[in-house]
There are 2 protein chains.
Amino acid sequence: MAYGYNGKILRVNLPNKEISTEELDDNFYRRYMGGRGFIGYYLLKELKPKIDPLGPDNKLIFATGVITGGRIGGSGRNSVGAKSPLTNGYGEAEAGGFWGPELKRTGYDGIIFEGKSEKPVYLWIGSEGPELRDASHLWGKTTLETESAIREELSDKLIKTALIGPAGEKLVRFACILNDITHSYGRTGMGAVMGSKNLKGVAVRGKRPPVVADSAKIKEITRWLNENYSRGFQDTGTAGGVMGLNESGGLPTRNFRDPSFEGAEAISGQTMRDTILIGRDTCYGCPIRCKRVVKVDEPYKVDPAYGGPEYETVASLGSNCGIDNLAAIAKGNEICAAYSLDTIGTGTTIGFAMECFENGILTKKDTDGIELRFGNADAMVKIVEMIAKREGIGDVLAEGCMRAAEKIGKGASEFAMHVKGQEFPMHEPRYKLGMGMGYAISPTGADHMQSIHDGGSGKHPGGLLRLGVLEGLPANDLSPGKVRMFVYQQHWNSFNNCAGLCVFLPYSYNQRAEIIQAITGWDVTTWELMKVGERGTTMARAFNMRAGFTRADDKFPKRMHEAFTSGPIAGVAVGEDRLEEAISVYYDMMGWDRETGVPTRGRLQELDIEWVADLL
Amino acid sequence: MAYGYNGKILRVNLPNKEISTEELDDNFYRRYMGGRGFIGYYLLKELKPKIDPLGPDNKLIFATGVITGGRIGGSGRNSVGAKSPLTNGYGEAEAGGFWGPELKRTGYDGIIFEGKSEKPVYLWIGSEGPELRDASHLWGKTTLETESAIREELSDKLIKTALIGPAGEKLVRFACILNDITHSYGRTGMGAVMGSKNLKGVAVRGKRPPVVADSAKIKEITRWLNENYSRGFQDTGTAGGVMGLNESGGLPTRNFRDPSFEGAEAISGQTMRDTILIGRDTCYGCPIRCKRVVKVDEPYKVDPAYGGPEYETVASLGSNCGIDNLAAIAKGNEICAAYSLDTIGTGTTIGFAMECFENGILTKKDTDGIELRFGNADAMVKIVEMIAKREGIGDVLAEGCMRAAEKIGKGASEFAMHVKGQEFPMHEPRYKLGMGMGYAISPTGADHMQSIHDGGSGKHPGGLLRLGVLEGLPANDLSPGKVRMFVYQQHWNSFNNCAGLCVFLPYSYNQRAEIIQAITGWDVTTWELMKVGERGTTMARAFNMRAGFTRADDKFPKRMHEAFTSGPIAGVAVGEDRLEEAISVYYDMMGWDRETGVPTRGRLQELDIEWVADLL
């Protein structure tokens, strides 16, 4: 018997309404571990290189990992992937919540959706097995309305859903998918792919309790976790670091234009706690409760059912738009969750539009009279809604900042903060140069989840010491030592995204290996797990190479090469030459051709995926 | 306070009789871990590329690892290194015993000997500190005589020694160094380097008890070890596998000429146990007792003080010379230990000479009348002694089989089983192709300790499963999958040779990480340890590149490309093309240039030894 997985995935052909089950062998699970690993595998194997991400040839893949649902803190994570309508390359997003564990309890580890349904449908997996059901009556409804309707029509209040709202239906390129209403598969436009398939959602209710190989060990680690998780994180959530970031120069402000934000304190996690917070939510099995629940009254009335804003949302709809109004940010967050918009893509695109407006590239004529200036909270909330509904200027912005800038013209591209078409998340690349390089080289476009870590603090390398990195490097370093830190961290994050284990839990590297062993029974080493992660990143790179990407796509917007002249990180920026050199070093360390970035056959052989070389 | 090391090494300038102490920082220990890591570091940093290995510019380095002396089974290991007089490249040999732990108890982690002493000396490190003492009266004496004399003149019977006998003094190129009389730093001719320096030995007696970071954990692992080590290994020693090897085609026979040995049973570990064995010896802290103690009466009278033959000796002086007389083998072993000859180099060179004799290339005129045929036990014993004393044909053979063949001429080179000048150890490369490739690419020449493992048994990859190798491969496979297995195993063996931890202990990968942590207090992962090992191998490669080696040196003798026509491995051999392809894959996986095998700057940067790139 296998622990940690069911050995089965569903394949759902939407036009034919055919649902089939595929069995996978144990080595498939151990080699790819799920999540990113599965997605990379299937996208590479099954998608033709030049397909339209919003056309019927794209496939949408839900994938749990071997840890998902494993009865331990951090095991709520799971992934969705497809070719991205933002980047035209490898697309993937992860989320926590309860939906992934519930999917696994149905007896399936993942779902591959193929083609486009003739009419709106949703997939229901209950005790009778999988079934495609009509969703015509749900089309146009918000996520909360949809979930309620599904629970009602199936007479089961415990059903878990992964859904799109109207933004996904309308193919907003940075539309997301939400599970349990508040957990967002945010990046790379997976909600638009779902919308393009006329697929409203997936509802699941499972009966198979999770069975782990070593429940005593799971209990032991759980006891450790309960004593060792960060109370501060629980107290103030992911936005607890706003003030520190602002003081060091790491809080993106007014579309990455300004060095710091005078209104930071008003939008901090501490302020949120002391004002609008009414509860703390969590994911499956997790004691931390880093998720926020807020309640706001008029004029920005916010329904607590939509949770509350996380750090990325606070910064993207807040400081990045020059807005210090937490109630307005919470409202923007609610609209994003109701309509299924990625809050990062939304905030960065609005910041872009505001800077265009400030520079006269957009005018009130373009915005239906909205004074789209930095700091205008009403305007931000209104534009979020217009994007979600593709109304007016919202229809342009719904294409994402790169495409919107091309449409607007007049030099607007200068203000589009994206890589490969995906909008910047809320980490200032000039503050953490390692993470900045990560934006440039990530297969998913600008992505802050490639490498949480940067260089350690001062002379100490932080947790990376445990991978043999002996010395810390300052945030403004981009030497080969920093690239190495990035590579190791990227492998590790990628492994966690394969296995379905949250990177925010305080488990050490060896503890994560113990968790894999306790759940699956596999006697793994961190070496094996790092290689799992590297395999995932390399498959994603290979997907992009096939899709036509070249080294020229691994780059920053120009602004990132220009240092601030004042503020905490004045004078720090990476010249193009220095970035190119770091990218060469990165390719080399990854076993990719130093010039072209194409994975070498030798490294693919070492990663036990030589089949990928035959596709390149 | 640091655990696992003293933070100090001795530097001994022999011509000036200057002894100095150098302090090393903690990161130096964690980055290189000792043993091979230290040797690679110092040889690269301090030796000019083209020096004569037997000239005064060579340096001889004794290096413990952080585990050496760590109060746990397997912690007796430590290393000696120098430029090799056999290969003119990177030289290193490891041994167990009690000497290494005792050296560490003196307060030093290693010793670097520089230059050549005017007169014979030995280094004594006792409670008064280090002191160079005259050894003129010891020159020409056997190891046992020398150890007794030193103990007597210093009035301490517990002194531990690392010594050469007359073979080292006479610069026999495959001379070894022996510690505690029976533990041989066997390979790459380190005894000749010691002799070239007029250095008879190093005697140590320490007072600093080993302090470990977590003695409770050490006790826990020790309890586990006592319940889990192989009783079979204790029972029959390393020669316990002779019969199995012979049946599968892995027992080198008559200079690798014949497919199996009809006299295998007579020289097996089982026969040894039932005949000449009188005791089992061990290394510091180890319950296994795999070392043999034998007693033999006339005509091959053997002193039990010299222990007994291990597998490599049984095969090299036995089957590889066609000899089924265990008493003669034990006698040859005794002479090697008394005179400080590597039994592997000795046996392979004698096997070579026997095949020359059988083919008329050598005649009785060359051998002082000795009938030097396969199977002639008397002749073998006599020739061992002649090599040790450089008498007659022994003086030619003392140069090692490669140089002897060049001197003999008449096509003798065809029979010289060596790589880079170092003689084959006792593993048939046509039986285990992975290990065979290891002979070709090892920086030390033909070396069986690069990769103990081969392809697992049947479909199961054996212990390598824990490094993420999911499928076994047959012994006669040399696909990229096999190369990967080799690379992973080489990293791991190399790490063990850095840390000073015996590979024969049954500890798993994660347990070895736990041992490192328990002894040093470092919270390490297997990832870090694998990279320590890779660092060691890569520094050795870089040393060879600087010394003038090229890809052309990574090759087999012709015979290895010719399959047996009968026997268990009939038809199995690697063609030159196939070997070259495997070598390219190996280079690629190592991050070395696929064509030239030169380590790339990117990989050196990742290994945190970019300084090496500046030497290439």
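Let's start with one pair. R31(A) makes a salt bridge with E471(B), and their closest N and O atoms sit 3.8 Å apart. Keep in mind that this is a predicted model.

How many salt bridges cross the interface of chain B and chain A? The rule finds six. Polar contacts come next. Between chain B and chain A, 21 residue pairs are in polar contact, both partners at pLDDT 80 or more.

Which helices of chain B supply at least two residues each to the side that touches chain A? They are helix 1 (26-32), helix 18 (480-499), helix 19 (509-520), helix 20 (526-547), helix 21 (576-590) and helix 22 (601-606). Helix 20 of chain B gives the largest share, six residues. By type, that side of chain B splits into 15 charged, 11 nonpolar and nine polar residues.

Now the overall contact. Chain A puts in 35 residues, and chain B puts in 35 residues. The area buried between the two chains is about 3,300 Å², with 50% of it from carbon and sulfur atoms. On the chain B side, L470(B), W527(B) and E606(B) lose the most area to chain A, together 22% of what that side buries.

Where is it? L616(B) lies in the segment after helix 23 (610-613) of chain B. Leaving out residues up to four places away in sequence, L616(B) touches A542(B), M545(B), R546(B), V598(B), P599(B) and L604(B). Its relative accessible area is 40%, so L616(B) counts as partly exposed. For scale, L616(B) and H418(B) are 198 residues apart in sequence, and 26 Å apart in space, C-alpha to C-alpha.

Conventions:
Residues numbered from 1 in each chain as written. Chains lettered and ligands numbered in written order. Predicted model: local features only at pLDDT ≥ 70, side-chain atom pairs only at ≥ 80, totals over all residues. Heavy atoms only, no water. Contact = heavy atoms within 4.5 Å. Buried area = accessible area lost by both parts, 1.4 Å probe. Salt bridge = Lys/Arg side-chain N within 4 Å of Asp/Glu carboxyl O. Polar contact = N/O pair within 3.5 Å; in protein donor to acceptor, adjacent residues only side chain to side chain. Helix = DSSP H or I, 4+ residues; strand = E, 2+ residues; numbered from the N terminus. Nonpolar A, V, L, I, M, F, W, Y, C, P; charged D, E, K, R; others polar. Buried < 20%, exposed > 50% of the residue type's maximum accessible area, 1.4 Å probe, protein only.
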